[in-house]
Amino acid sequence: MELCSSSASLFLLILPFLPLLLYFLYLQQDPKKQPRIHGLKSYPVVGMLPHFIKNKDRILEWMTGIMKRSPTHTMSFKDLGLTGGVITANSANVEHILKTNFGNYPKGELAISMLEDFLGHGIFNSDGDQWLWQRKAASYEFNKRSLRNFVVDTVRFEVVERLLPLLEQAGRDGRTVDMQDMLERFAFDNICRVAFEEDPACLTMEGMAAHESAEFMRAFDDAQNVVKARFDSPAKSLWRIKKFFNMEPEKRMREALTTINGYVKRIVRERRERRKAGLERSDDFLSRFAAGSEHSEESLCDVVTNFILAGRDTTSSALTWFFWLLSSRPDVEDKIVREIRALRQLSGGAGGTGSATFSFDELRDMQYLHAAITESMRLYPPVPFDAHSCKEEEFLPDGTFVGKGWLVTYCAYAMGRVEDIWGEDCEEFRPERWLDDAGMFRPENTFKYPVFHAGPRMCLGKEMAYIQMKSIVACVLEKFRLHYSSDAKGHPVEVEETTSAAARMLSETPEHSWLGATAWRGTSGMGLSSALDWLSEDPLGLHNGRGDWRR
Ligand code: HEM
């Protein structure tokens with residue numbers, strides 16, 4: 001009895017020092033397996049954690065600086081009590097993670113469990129066989145010409161019926177518009193129509209047309225913000241407790257999911273019933289999937305939600321950055337406009353095909369525009385980080401150790417700024433780097449440019465995204481000249497937190513990032529109103545002034 005109580009006292013005495021003890025035991029391990037952050041001091045017990053906390057509001061810029069300076073362009077960390085992690089901007093590592101040893105780097109249970117109530121087991125939130133069958137089915141559909149034509153038509157509708165009239169109106173009124181907001185609404189309308197032929201009409205003159213659609217869009221925003229909060233939290237299971245007790249933000253999540261699931265289920269049910277009755281003849285994605293009887297209602301709902309997530313903010317983020325970059329590069333803008341006009345002339349003079357938009361073939365022939373958009377995403381990738389989980393420990397090609405269960409992230413944003421990959425002018429916006437001597441677009445190795453991911457899980461919507469982005473840019477620049485308006489503090493170029501849709505899902509912490517879109521926002525909370533504006537003053541002095549908005 002006495003022996004028992006003295007052991008208990010000894011244990012209580014040791015208890016406060018236990019973390020330290022564990023830490024020293026950890027340091028005794030193989031030195032090759034030690035985490036490395038180039039040029040940063042590691043503190044006793046807490047390791048690198050203070051650096052991450054100090055830089056949490058500028059994590060992307062901070063990590064990019066470290067990876068640029070690191071000889072291998074990789075950083076790794078393993079602090080007491082936290083999941084270990086590797087973040088890399090090394091293309092050999094990226095190839096290894098995304099292709100060579102693909103099986104060792106799934107999304108992982110932690111990430112999947114945090115997204116499950118929102119994305120179910122859809123293509124973005126599954127691994128192994130569950131992912132594979134969806135990938136096969138989706139690739140088959142994405143490769144069909146009929147889907148491409150359907151996408152061209154939906155984009156044309158949104159551009160001609162909504163985007164251009166809104167810009168015209170703003171021009172007549174001399175009003176500044178928030179391009180980022182417009183592009184987000186555009187993308188939402190468009191992806192809903194492509195996914196299940198519903199038109200939320202978010203980009204109408206009246207704003208949000210149907211109440212139910214407006215609710216749906218808001219619910220999607222909410223759900224993404226809450227998922228981001230789950231990923232951001234250092235205690236990864238805290239959200240479960242909050243959910244159990246229906247506390248904020250999980251309360252909001254519950255409400256958002258009720259709206260999303262109700263909306264999506266209604267559409268899926270109606271579609272199935274119409275199909276059964278032989279009334280359905282549509283080309284949208286849901287109809288294609290619903291045509292087969294092998295998909296349950298639940299899996300069809302997951303298809304829809306995952307699809308919306310994929311297409312919502314990626315293109316709008318890319319274009320917001322693109323227009324912003326263009327505002328300081330009239331030389332690039334002029335080349336794009338010359339290319340568009342030359343194509344119009346080729347296809348029959350002013351008006352070309354007789355339409356305000358461009359055909360798929362015309363869009364394909366816009367080589368310089370393709371290069372300019374690609375170059376813009378090299379510097380500002382809509383998905384700046386992408387994280388995977390490591391199944392079995394190993395060493396990456398550059399010698400960095402990865403432990404079992406660690407999160408392994410590649411950082412496309414940092415990769416665009418690495419001289420070893422892109423040369424000394426890597427930070428310069430130079431579309432020409434993508435063109436050969438004949439002015440034709442020359443693609444790069446996807447592991448150097450993983451903006452659309454690479455390997456077996458590469459983005460399926462890349463072509464669709466280019467159709468949408470090229471169509472918008474060509475139609476807008478053919479008619480309008482955009483002027484950038486900054487907030488009172490001037491130039492707001494700061495890669496702030498991620499934004500929107502996919503982006504809000506992205507936690508820009510080194511521990512977890514999933515899918516996201518970077519975007520710039522004005523400083524001091526100017527937010528949307530200071531995003532890319534047009535027809536206003538020209539703080540950079542690049543354009544001709546307020547009146548000169550119409551080409
Ligand atoms: C500029 C626009 C876009 C960019 C930069 C982009 C980028 C990406 C990235 C980085 C991934 C990998 C995400 C991950 O697994 O964590 C991905 C996957 C995917 N993207 Fe995109 N995307 C874009 C637009 C689209 C569009 C418009 C669609 C069509 C709906 C789409 C459909 C998909 C799908 C289905 C996947 C999942 C592939 C899989 O896991 O097998 N994407 N995309």
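## A walk through the fold, starting at a proline

Let's start in a loop: Pro 249 sits between helix 11 (238-244) and helix 12 (250-276). What kind of peptide bond joins Glu 248 and Pro 249? The bond is cis, with omega at about 0 degrees. That deserves a second look, because most peptide bonds are trans. Keep in mind as you explore that this is a predicted model.

Now zoom out. The protein has 551 residues, and 45% of them count as buried. Its secondary structure comes to 22 helices and six strands. Take the contacts with a separation of 6 or more: 73% of them are between residues 24 or more positions apart.

Next, head inside. In soluble globular proteins, nonpolar side chains tend to be buried together. Here the largest nonpolar core has 129 residues, and among those with the most contacts inside it are Ala 195, Leu 286, Val 304 and Phe 322. Which helix gives this core its largest share? That's helix 9 (residues 179-196), with 11 residues.

Two packed helices are described by the angle between their axes and the distance between the axes. For helix 9 and helix 15 (residues 314-327), the angle is about 150 degrees and the axes are 8 Å apart. Since angles over 145 degrees count as roughly antiparallel, that makes helix 9 roughly antiparallel to helix 15. Their crossing is right-handed. On the helix 9 side, the contact includes Met 179, Leu 183 and Phe 186, while helix 15 brings residues including Thr 315, Leu 319 and Phe 323. Sorted by class, this contact has six nonpolar, four polar and one charged residues.

Most residues other than glycine have a negative phi. Ala 201, in the loop between helix 9 and helix 10 (211-232), has a positive phi near 55 degrees. His 453, in the loop between helix 20 (419-422) and helix 21 (462-479), has a positive phi too, at about 65 degrees. Is each one buried or partly exposed? The cut-off for buried is 20 or more other C-beta atoms within 10 Å. Ala 201 has 21, so Ala 201 is buried. His 453 has 19, so His 453 is partly exposed.

How values were computed
Residues numbered from 1 in each chain as written. Predicted model: local features only at pLDDT ≥ 70, side-chain atom pairs only at ≥ 80, totals over all residues. Core = buried A, V, L, I, M, F, W, Y, C linked by C-beta atoms within 7 Å. Buried ≥ 20, exposed ≤ 12 C-beta atoms within 10 Å, placed from the backbone. Helix = DSSP H or I, 4+ residues; strand = E, 2+ residues; numbered from the N terminus. Axes fitted to C-alpha atoms, helices over the stretch in contact; angles between N-to-C directions. Parallel < 35°, antiparallel > 145°, perpendicular 65-115°, else oblique. Left-handed = near helix turned anticlockwise from the far one by under 90°. Contact = placed C-beta atoms within 7 Å. Nonpolar A, V, L, I, M, F, W, Y, C, P; charged D, E, K, R; others polar.
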